[in-house]
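Here is a short report for a first look at this structure. Start with the view below, then read on.

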Amino acid sequence: MGETLTMKRILVADHSEIANRMFCAGLSKYGFSVSAVSTTEELIHKCTTEEIDMLLLDLYLEQTSQMDQIHYLRELCPEMYLIVMSDEPDISSAVQTMKNGADDFIEKPCDLDTILKKIRELLKNERERSSRQMRSCLQQTGQFRRSRK
């Protein structure tokens with residue numbers, strides 16, 4: 001638990017207050033700045049007024065599907081990572097959330113370890129993507145040379 005991941009601002013949007021409290025408390029211990037909402041209105045407000053690096057979204061926030069919101073949220077915050085969680089998972093929902101712009105899909109109930117694993121994967125991919133982009137940029141400008149051994 002002493003491990004600290006790169007500081008990220010995470011928003012948890014779940015209809016369950018228990019889940020919101022659990023994820024906020026658990027993720028905070030790993031150095032994340034975490035807040036939670038339980039309605040679509042609060043979700044949209046937070047996303048338009050605050051900088052959010054990652055969203056953990058309950059697919060059935062307020063007991064209604066957020067499938068249409070996923071595409072809107074992606075347009076609203078294109079740099080934000082979006083992990084969708086659902087306690088009514090099926091393959092078509094998982095596929096559709098990914099098509100709408102989610103970065104990952106998790107079946108609920110899920111524990112903190114599962115969420116942390118997904119966050120680590122996304123952050124690792126982010127670091128690798130940043131390294132590749134920097135290398136490509138340097139190669140294009142002629143400033144990057146592979147060392148020979």
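The model is predicted. Its mean pLDDT over the protein chain is 81. Of the residues, 79% reach 70 or more. Residues 1–5 stay under 50 in pLDDT. For residues 1–5, the model has 12 contacts beyond four places in sequence.

The protein chain holds 5 helices and 5 strands. Along the sequence they follow the pattern β-α-β-α-β-α-β-α-β-α. The chain has 149 residues, and 43% of them count as buried. It exposes about 8,900 Å². Carbon and sulfur atoms supply 49% of that area.

Now to one helix. Helix α3 covers residues 67–76. Which of its residues are buried? They are Met67, Ile70, Leu73 and Arg74. Seen down the axis of α3, these buried residues fall within an arc of 100°, so they line one face of the helix. The face turned away from that buried side carries Asp68 and Glu75, both exposed.

What do the buried residues of α3 pack against? The table lists the elements.

| Element packed against by the buried residues of α3 | Residues |
|---|---|
| α2 | residues 40–49 |
| β3 | residues 54–58 |
| β4 | residues 81–86 |
| α4 | residues 91–99 |

Key:
Residues are numbered from 1 along each chain as its sequence is written. This is a predicted model: local features need pLDDT of at least 70, side-chain atom pairs count only at pLDDT 80 or more; totals for chains, interfaces and linings use all residues. Side-chain values use heavy atoms; hydrogens and water are left out. Helices (H or I, at least four residues) and strands (E, at least two) are DSSP runs, numbered from the N terminus. Buried means under 20% relative accessible area, exposed over 50%, partly exposed in between (1.4 Å probe, protein chains only). Accessible areas come from the Shrake-Rupley method with a 1.4 Å probe; for residues, only the protein chains shown count as cover. The arc is that of the directions from the helix axis to the C-beta atoms. Contact means heavy atoms within 4.5 Å. pLDDT is the predictor's confidence in each residue, from 0 to 100.
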